[in-house]
Amino acid sequence: MPLNTRSARTVKNSPVELILALAIVALLLVAPLRTAAAASDLEEGRSLAKEWCSSCHMVAPGVAASTTDAAPPFPKMATDPAYTEERLRSWLWAPHPPMPDFDLSRFEIESLVAYIKSLDSN
Ligand code: HEC
């Protein structure tokens with residue numbers, strides 16, 4: 001069976017193919033984890049917003065209105081094109097008074113931005 005012998009030798013002598021195969025398997029394993037991480041960002045954003053932002057902002061449609069008129073409601077930020085993700089990011093990185101600086105981590109900022117923008121679909 002000359003054909004089988006040859007293909008067996010090809011695989012054996014080709015560590016590159018093995019590495020490629022392992023890389024593909026690794027990518028397939030990692031892809032769902034990345035999706036799960038994105039979902040938990042959203043959850044993180046939701047709970048941060050409830051905990052830290054809801055005393056001034058309306059943080060979800062239908063919940064108690066903003067306690068201060070000065071703080072724009074999150075659902076408005078989700079739909080108003082003036083509030084780009086970049087604008088939200090740089091604001092949260094360095095907010096101005098009267099909004100307090102929470103000294104948010106990059107992960108917290110990304111989670112909050114993802115959460116605020118997710119309100120768009122409601
Ligand atoms: C003590 C009240 C207070 C709290 C708490 C607060 N904010 Fe604010 N926030 C404000 C006010 C007031 C403004 C409007 C500031 C202005 O327009 O000058 C504002 C504005 C913003 C803006 C819009 C900035 C822009 O570009 O116009 C974003 C985004 C924002 N807040 C996000 C948050 C998030 C996220 C949290 C929770 C981590 C939070 N805020 C907590 C009072 C607050």
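Welcome to this fold: among contacts in the protein between residues at least 6 apart in sequence, 55% join residues at least 24 apart, a contact meaning C-beta atoms, placed from the backbone, within 7 Å. This is a predicted model, in which local features need pLDDT of at least 70, side-chain atom pairs count only at pLDDT 80 or more, and totals for chains, interfaces and linings use all residues. Residue numbers start from 1 along each chain as its sequence is written.

**Overall build**
- The protein has 5 helices and 0 strands, where helices (H or I, at least four residues) and strands (E, at least two) are DSSP runs numbered from the N terminus.
- Of its 122 residues, 11% count as buried, that is, with 20 or more other C-beta atoms within 10 Å of their own, all placed from the backbone.

**Around the ligand**
- The ligand has 21 residues around it, and Cys53, Cys56, Ala70, Ala71 and Met99 come nearest; a residue is near if its C-beta atom, placed from the backbone, lies within 6 Å.
- Two or more residues of this shell come from each of α2 (15-53) and α4 (85-93), and the largest share, 4 residues, belongs to α4.
- By type, the shell divides into 16 nonpolar, 4 polar and 1 charged.

**Nonpolar core**
- The largest nonpolar core holds 10 residues, among them Cys53, Phe74, Leu92 and Tyr115; such a core is a set of buried Ala, Val, Leu, Ile, Met, Phe, Trp, Tyr and Cys residues joined through C-beta atoms within 7 Å.
- At least two residues of this core come from each of α3 (74-79) and α5 (106-118), with α5 giving the most, 4 residues.

Key. Ala, Val, Leu, Ile, Met, Phe, Trp, Tyr, Cys and Pro count as nonpolar, Asp, Glu, Lys and Arg as charged, and the others, Gly among them, as polar. A residue is buried if 20 or more other C-beta atoms lie within 10 Å of its own, exposed if 12 or fewer, and partly exposed in between; C-beta atoms are placed from the backbone. Two residues are in contact if their C-beta atoms, placed from the backbone, lie within 7 Å.
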